[in-house]
Amino acid sequence: MKRLFIFSYLVLVFMFFTCIIFVFQLDFFSSDEWEADYQDRTYMSLSQLLSDISAAEGVASAEASLEQVLDNLHKQLRVISLDSDELSADEKQLLRENQRYVKDVEEDISYIMFQGSDKVYAISRDESAPFWQEYYFKESIAFWVLFPVLAFINFVLLYLLARRLRRLERVHSAFANGDFKVRAKTGVWHKVGHLNQSFNQMADKIAKLIDSNKQLTNAVAHEVRTPIFRIRCNLDMLDDSGVRPEQMPYLEGIHQDLDELGTMVDELLHYAKMGRRQAPLTLSRQSLDTSLQELIAHLQFETDIALELNTAEPLEAMIDLRLWHRAVSNIIRNGYRYASRSVSISLSGDTDRIWLHIANDGPGIRDEDKQRIFDPFVRIDKSRDRGSGGHGLGLAISALIIRQHGGNITISDTENGGPSFDIWLPKPTTSSQNNKKSPVKKRGTSKSVGNQRENHRAIKKTRNRD
C-alpha cells in the first residue's frame with residue numbers, strides 16, 4: 001500500500017506539472033493577447049488623459065496626476081529621455097507614432113508619452129509594494145499547499161480502491177479455502193470495474209464443475225462396487241465348485257486385484273465425503289501420546305521397518321479419534337513404504353501448538369513436489385504397482401482431515417535427506433477443556449481402560465476402512 005501510494009502520488013504530481021507546462025507551451029487558454037490589447041488600450045487612454053491635463057493645467061500637473069494613479073495601482077514610475085539607451089530604435093519609433101508601447105505583458109513593463117512633454121515615462125510593477133508582497137506570499141502558499149492536496153486526493157482514491165480490493169480479496173480467499181457459495185457484491189460501493197461480476201461468473205462455472213465432478217466421482221465409485229461384489233461372489237462359487245491346483249495362482253491374483261480395486265473405491269468415496277463435509281467433527285479430548293503408541297503398535301505388524309516414537313511430554317488435543325487415526329496411519333504407511341530402515345515419529349508442543357513430525361530415512365522429495373503430493377491422485381514415483389501400493393489419495397485424505405481439525409501439514413527435509421511430514425494442531429482452549437474434560441489417568445484405572453478400548457475400536461475401524 002505504501003509503495004502504491006508513493007508511486008501513484010509521484011505520477012499524479014508529474015502528470016499535473018506536465019499538463020501545466022504543456023498548456024503554457026502550446027498557449028492553450030492563454031490570455032496574453034487579450035492582456036496586451038487591454039494594457040495597450042489602458043495606456044492609450046492614460047496618454048490621452050495626460051495630454052488633456054497637460055494642455056489645461058501644465059506638464060507638472062499631468063506628471064503629478066500620473067504619479068497618483070500609478071501609486072494607487074501599486075506601480076512605480078521612472079522618467080527617461082527619448083534618446084536613452086534603454087530603448088531600442090524600433091521602440092523609440094513606436095513611441096513617437098503611438099505615444100505608448102507595451103514592452104512585456106507578463107512583467108508589466110510599458111512606456112508612454114503625452115503631448116506637451118518630450119520625456120518617456122517608464123511604468124513597471126512596484127515589487128516592494130505591500131500589495132505585491134502579499135500576492136507573492138499567497139501564491140507561494142498556494143503552490144506548496146498543492147502538494148498535500150494532491151497527496152490527500154491520492155490517498156482518498158487509493159483508500160476507496162484498496163477498500164474494495166480488500167473486500168474482493170476476502171471473497172477470493174474464502175473461495176480458495178473451499179467456500180464455493182461465496183460471491184462478490186456488485187453494488188456501487190463494492191465493485192471494481194467489471195472484476196466483481198467476472199469473478200462471480202468464474203465462481204459459478206467452477207462451482208458447477210466441482211459439483212459435477214463430485215457427483216460423477218460418487219456415481220462411478222458407487223456403480224463400481226456392484227460389479228466388484230458380483231465378481232467376488234462368482235469367484236467364491238468358483239472356489240466351491242473345485243479348481244485345479246494350477247489355476248489357484250490366477251484366482252489369488254484376481255482376489256488381490258479386487259481387493260486393490262475395492263480399497264481404491266473406498267478411498268475415493270471417503271475423499272469425496274471429506275471434501276463436502278458440512279457436519280462438525282466428533283471432537284473429544286484425547287491423549288495424543290497414548291493414541292500414537294497404540295496406533296504404532298498395530299501398524300508395526302504390517303511392516304518390518306522400525307517405527308520409533310519419541311514424546312517429550314504428555315499432550316492432549318481435541319480430535320475426532322477415528323479420523324485422526326486415519327490421517328496419521330496414512331502418513332506412517334507412506335513413510336515405511338519408502339523408508340530404508342526406520343520411521344521416526346516425534347510429538348512435541350509449544351505455547352499454542354502441538355507438533356507431530358513423521359520422518360523416514362528414504363529418498364527425499366523435490367521442492368516442487370512437496371505441496372503437490374497432497375493433491376488427489378498424485379504420486380511422485382509414477383508407479384502404481386501392488387508393491388508400492390496406494391492410489392494417490394491417502395495423503396490427500398490426511399491433509400483434509402488435519403485442516404478440518406484446524407491444523408496444517410507441510411514437508412521438510414531431515415538431516416539425512418529424507419522427508420519429514422510436519423503436522424501441527426492447535427492446543428485445546430480453556431472452554432474446550434471445561435466442556436470436554438477427560439483427564440489422563442495412570443494405567444490400571446477404569447477411565448484409562450475405557451480410553452484404551454475406545455482407541456482400539458477406532459484403530460480397528462481405521463484398519464478395516466484402509
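Predicted model: local features only at pLDDT ≥ 70, side-chain atom pairs only at ≥ 80, totals over all residues.
A residue counts as partly exposed when its relative accessible area lies between the limit for buried, under 20%, and the limit for exposed, over 50%. By that rule glutamate 134, at 43% relative accessibility, is partly exposed.

**Salt bridges**

Side chains of opposite charge can pair when their charged atoms come close. In this model the count comes to 14 salt bridges, and three of them are set out below.

| Pair | Closest N to O distance |
|---|---|
| Glutamate 134 and lysine 138 | 3.1 Å |
| Glutamate 302 and arginine 333 | 3.0 Å |

An α-helix has 3.6 residues a turn, so residues three or four places apart point the same way. Arginine 41 and aspartate 37 are four residues apart in helix α2 (residues 32–57), and are therefore separated by about one helical turn. Arginine 41 counts as exposed because its relative accessibility is 52%, whereas aspartate 37, with a relative accessible area of 39%, is partly exposed. Glutamate 134 and lysine 138 likewise lie four residues apart, about one turn, but in helix α5 (residues 130–176).

Glutamate 302 is partly exposed, at 33% relative accessibility, while arginine 333, at 12%, counts as buried. Elsewhere, salt bridges that share partners join Arg366, Glu368, Asp369 and Arg372 into one network.

Two packed helices are described by the angle between their axes and the distance between the axes. For α8 and α9 the angle is about 50 degrees, with the axes 11 Å apart; α8 is therefore oblique to α9. The crossing of α8 with α9 is right-handed. On the α8 side the contact is made by Leu288, Ser291, Leu292, Leu295, Ile296 and Leu299, and on the α9 side by Leu321, Trp324, His325, Val328, Ser329, Ile332 and Arg333. By class, this contact of α8 with α9 has nine nonpolar, three polar and one charged residues.

Helix α9 (residues 321–338) also packs with helix α10 (residues 394–404), where the axes come within 9 Å and cross at roughly 140 degrees. That angle makes α9 oblique to α10, and the crossing of these two helices is left-handed. From α9 the contact draws on Leu323, Trp324, Arg326, Ala327, Asn330, Ile331 and Asn334, and from α10 on Gly394, Leu395, Ile397, Ser398, Ile401 and Ile402. The residues of the contact of α9 with α10 divide into eight nonpolar, four polar and one charged.

**The setting of α10**

How many of the 11 residues of α10 are buried? Eight of the 11 are buried, so α10 is largely enclosed by the rest of the structure. The buried residues are Gly394, Leu395, Ala396, Ile397, Ser398, Ala399, Ile401 and Ile402. After α10 comes glycine 406, whose phi is positive, near 85 degrees.

Terms used: Residues numbered from 1 in each chain as written. Heavy atoms only, no water. Axes fitted to C-alpha atoms, helices over the stretch in contact; angles between N-to-C directions. Parallel < 35°, antiparallel > 145°, perpendicular 65-115°, else oblique. Left-handed = near helix turned anticlockwise from the far one by under 90°. Contact = heavy atoms within 4.5 Å. Nonpolar A, V, L, I, M, F, W, Y, C, P; charged D, E, K, R; others polar. Salt bridge = Lys/Arg side-chain N within 4 Å of Asp/Glu carboxyl O. Buried < 20%, exposed > 50% of the residue type's maximum accessible area, 1.4 Å probe, protein only.
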